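Me: Hey, I've just opened this one and I'm new to it. Can you walk me through it?
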Protein chains: 2
Amino acid sequence: MPLLKSWVTSANDASHPFPLNNLPYGVFSTVGTEERCGVAIGDMILDIAAAEEAGLITLAEDPVFDVPYWNDVMDLGPDAWEALRARLTSLLSDDSDEKPATEPHLVPMADATLHMPLVVSEYTDFYAGRHHATNVGTMFRGAENALPPNWLHIPIGYNGRASSVVLSGTDIRRPWGQLKSPDHDVPAFLPCRRFDIELEMGAIVGTASDGPISVQEADDNIFGYVLLNDWSARDIQAWEYQPLGPFQAKATATSISPWIVTKAALEPFRTETPAREFDLLDHLKDVGPMLYDINLAVTMAPDGKDATTIARTNYDQMYYSAAQQLAHHSTSGCPMNVGDLLGSGTISGPSKPERGSLLELSWGGKEPFTLDTGEERTFIEDGDTLTLTGAAHGDGYTIGFGDCTGTVLPALTDPYAR
Amino acid sequence: MPLLKSWVTSANDASHPFPLNNLPYGVFSTVGTEERCGVAIGDMILDIAAAEEAGLITLAEDPVFDVPYWNDVMDLGPDAWEALRARLTSLLSDDSDEKPATEPHLVPMADATLHMPLVVSEYTDFYAGRHHATNVGTMFRGAENALPPNWLHIPIGYNGRASSVVLSGTDIRRPWGQLKSPDHDVPAFLPCRRFDIELEMGAIVGTASDGPISVQEADDNIFGYVLLNDWSARDIQAWEYQPLGPFQAKATATSISPWIVTKAALEPFRTETPAREFDLLDHLKDVGPMLYDINLAVTMAPDGKDATTIARTNYDQMYYSAAQQLAHHSTSGCPMNVGDLLGSGTISGPSKPERGSLLELSWGGKEPFTLDTGEERTFIEDGDTLTLTGAAHGDGYTIGFGDCTGTVLPALTDPYAR
């Protein structure tokens, strides 16, 4: 598929993240106006709530865009998702005769504040990147026991806290937590010393289910994708995680990028999961290409200094697709809801510069790496800004996600002071 | 405190679960009416939405009881909780002169259908019963390594699925899942063979927080308690839980009792946590008696047969209080919300008949136990009804919770058939 041209001319640049081929969904406000749904097109946001009020777009009997979340649209189901995308493509296409009616509803992105694009119902984080799992397993349990026995058979995951999911740009306060140094007999309550990122993609469930669903149904139920950074306190995690898994180490914050990139926009970029050592059981088997070729990168910028790209990888490195993860999530009959967010797990490629966490990049803190500024890092230092970027590259166009960024603030001196 | 007498005379029986001292909060409907808030008093339910409409109870400017959840009341805060309880006590007391105005708003409990009393925001399950953790640890890792190293220092827990929390009385479908027999090299996808209960108390967060809170603040933020059965697929759990903790094994369903028993009603029953081997760190230290003396029991009834009491224990057996669990939950800055539900972890006493799970009662399936009907059990069989009961016994009165019950239905023949 080539670039689709829009009368919003900034959208026609081959490297612009938001061409007509993309049409990602967000929530925005401008000075003095309420938060509402918007669609990114080039350097502009289509105020789709206003377009709906003007009668240009009608998706349901009652308005669905004049609210600060896309959950209501998701709830209308895949036919409505398709109809919406078709209508938006028609309105914004360079051969549209509705430009005069539509143009008044464009807002410069520079004038807008972005907000969380959805209400996150529940949040689950998986562990489905083989290189990441192998790296972490090697550090914690040795190369021979790197992958847990279940790893090649199920996309293992754990439930996270929806309440801790925040929008890109939100500052992240370094947490306190209980941790135990190897050279101490008892734990202490201290600020985290090994604060980390996890480079992930987040899949958003757009259709509810109530019982086991197949991989194909799971893929059908996914509404779209975001970039996701699961901030991780490695020292808290090391002490707490046996035998019930990560808990407070992952509950400080998880940042997501502001624009939901729809499954439809990513269709041209579908890729297969990798060759498998063991056949998956029938209910998890691949039924088509359900990963996506999306280039991903992480930059790190010390306070007030330039950013250094510290990792580059691709979403095609996952061992399990989001559809397989969602199918597994439903096996026990677990009800899945509109707005559930599924983190892919950290995405790392096979080589050192492709690692999606500082834990791997610094090999558990033993191998500091050097930024372009000359500074060394193992884990995050106060004031550092970490940014994830992602883009799929088509024939003369780009499908961008918008950054997923956050700056780490120093821990509170006394977290209980009021 | 003695029995408080009510003009609802059925409430004045020393063994009735819902005397004036209790006043638990639920959601109910009658034939042809909407779900709304109600308060149990003896054999009746006070239709508090109707009482509010009639001007008998005013808690806020807008109505808060004409909705099918208590979250809005919780959100009003502890002063409102106290005012509500005082007003209800006054209205229903046997010396009230408002009986004529109030009586028309009573509905016989026998005519009512109960519904979920709250919208569960997120659900967390802890593992804070020492006898349970020791029993399970001994079975899985041997007596020497029974308690994980962190266990005596933090109330460890994991996030569950709010979407799977159901009301007492809901049938529970035996799940399918991926499991691996010790005598097979690879896993299979099969109906669970080791389906189990967990006898727990659930604490309901009534006040939101956004940062670390102290144990005292945590106790202040708890609205009330319910009985909670965390249905558990032990064979699925054994295969999936390393290293990320329980996931699908716990996602089929968690049942809760229908009435929220307020913290105020439980005040006379506060007890201390047990003596500790290690001092807790300051932020988790006990600051008063925050457990409760509540007698708990589990019955099991094969399909169409009489129930046998298979376990009796007490909530005072916990090593950590719900307040300590909530305080720990907040340490990393994890935002806690109104309607968050915290499972205590399985409650077992020191002796065999005090064990709160079949895993312990049958010692991993190796020691079948016999019901009064003569049947043997290790884990749950299809058609079995499992019921939790709980009551605190005061001076001439009882604070009951209402049963937490569920019947296990056979697994679907083909979970993917549509």
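Predicted model: local features only at pLDDT ≥ 70, side-chain atom pairs only at ≥ 80, totals over all residues.

Me: How much area do chain A and chain B bury between them?
Reply: About 5400 Å², with carbon and sulfur atoms giving 58% of it. On the chain A side, the residues that lose the most area to chain B are Arg161(A), Leu244(A) and Phe247(A), and together they account for 16% of what that side buries.

Me: Why quote an area at all?
Reply: Because the accessible area lost when parts come together is often used to give the size of an interface.

Me: OK. How many salt bridges are there between chain A and chain B?
Reply: Four. One pairs the side chains of Glu122(A) and Arg161(B), at 3.7 Å from N to O. For polar contacts, the count across the interface of chain A and chain B is 25 residue pairs, both residues at pLDDT 80 or more.

Me: Switching topic: what domains does chain A have?
Reply: The assignment gives domain 1 (9-115) and domain 2 (123-409). Their contact takes 25 residues from domain 1 of chain A and 25 from domain 2 of chain A. The centres of the two domains, taken over C-alpha atoms, are 29 Å apart.

Me: What area is buried between those two domains?
Reply: About 1900 Å², and 69% of that is from carbon and sulfur atoms. In domain 1 of chain A, Tyr25(A), Met74(A) and Trp81(A) lose the most area to domain 2, together 30% of what that side buries.

Me: How many salt bridges and polar contacts are there between the domains?
Reply: Zero salt bridges by the rule, and four residue pairs in polar contact, both residues at pLDDT 80 or more.

Me: Which elements does domain 1 use there?
Reply: Those giving two or more residues to the side touching domain 2 are β1 (25-29), β2 (36-41), α2 (71-75), α3 (78-92) and β5 (113-115) of chain A. By class, that side of domain 1 of chain A has 15 nonpolar, eight polar and two charged residues.

Terms used: Residues numbered from 1 in each chain as written. Chains lettered and ligands numbered in written order. Heavy atoms only, no water. Domains from an automatic or database assignment. Contact = heavy atoms within 4.5 Å. Buried area = accessible area lost by both parts, 1.4 Å probe. Polar contact = N/O pair within 3.5 Å; in protein donor to acceptor, adjacent residues only side chain to side chain. Helix = DSSP H or I, 4+ residues; strand = E, 2+ residues; numbered from the N terminus. Nonpolar A, V, L, I, M, F, W, Y, C, P; charged D, E, K, R; others polar.
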